[in-house]
Amino acid sequence: MAPPETRSGTLISVEDYLATSYRPDCDYVDGHVLERNLGEFDHSRLQTAISSYFFTRRKEWDITVVVEQRVQVKPTRFRIPDVCVVLGSPNEQILTRPPFLCIEILSKDDRMSQMQERIDDYLSMGARYVWVLDPASRRAYVATAPTGLREVKDIVLRTENPALDLPLGAVFA
């Protein structure tokens, strides 16, 4: 399909969005199909490292980890996190129940204001954690509903209930 329109383009319905295959997949926000910034080596390598780390621990932690999974955050909003961690085994093709953890990896063209909107969408739908990693600066950020977005100075990203951890040295190596 031709490249999608940006926010200033023609509105399309949720049904049309869901019936169309985009390569790569695109977010859908209130009638607008939005391209995501990705495709560069640093982004891809980090996405692979994170998903591999969680995948090897999936049975121990009783989680499912997926990459670039459509998540319906609101009736007219679909986001595609770089990596998603779901507790247990989901039984839906498009996630409508909140993932436990959504992970976004910054690309060189990402803007923090756009990322904040994505974070807000995940948290408002009920995701407990959102992690944002920047491969260029090797910085990591954690967002939760009670605390908002904050930079993490620790060398390990962690969640509670259940306790999951991601040593930054293992994925930024």
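User: Where is aspartate 82 found?

Analyst: Aspartate 82 is found in the loop between strand 5 (77-79) and strand 6 (83-87), where strands are DSSP runs of E of at least two residues and helices are runs of H or I of at least four, both numbered from the N terminus. This is a predicted model, in which local features need pLDDT of at least 70 and side-chain atom pairs count only at pLDDT 80 or more, while totals for chains, interfaces and linings use all residues. Residues are numbered from 1 along each chain as its sequence is written, and side-chain values use heavy atoms, with hydrogens and water left out.

User: Why does aspartate 82 count as buried?

Analyst: Buried means under 20% relative accessible area, with exposed over 50% and partly exposed in between (1.4 Å probe, protein chains only). Aspartate 82 has 3% relative accessibility, and therefore counts as buried.

User: Which residues does aspartate 82 touch, not counting residues up to four places away in sequence?

Analyst: With contact meaning heavy atoms within 4.5 Å, aspartate 82 touches Arg36, His43, Gln47, Val66, Val67, Glu68, Ile103, Glu104 and Ile105. For Ile105, the backbone nitrogen lies 2.7 Å from a polar atom of the aspartate 82 side chain.

User: How do you know that strand 9 and strand 10 pair?

Analyst: Two strands pair if DSSP finds at least two bridges between them. Strand 9 (residues 139-144) and strand 10 (residues 148-152) are joined by 5 bridges and run antiparallel, so they meet that definition.

User: What makes strand 2 and strand 4 edge strands?

Analyst: The open sheet has 4 strands in the order 2-1-5-4, with antiparallel pairing. Strand 2 (32-34) and strand 4 (71-74) each pair on one side only, which makes them the edge strands. Strand 4 is joined to strand 5 by 3 bridges, and lysine 74 stands opposite arginine 77 in strand 5.

User: What is meant by a nonpolar core, and which residues touch the most other members of the largest one?

Analyst: A nonpolar core is a set of buried Ala, Val, Leu, Ile, Met, Phe, Trp, Tyr and Cys residues joined through side-chain atoms within 4.5 Å. The largest has 26 residues, of which Ile50, Phe54, Trp131, Leu133 and Leu157 touch the most other members. Its largest share, 5 residues, comes from helix 2. A second, separate core of 17 residues includes Val71, Cys84, Leu95 and Cys102.

Notes:
Polar contact = N/O pair within 3.5 Å; in protein donor to acceptor, adjacent residues only side chain to side chain.
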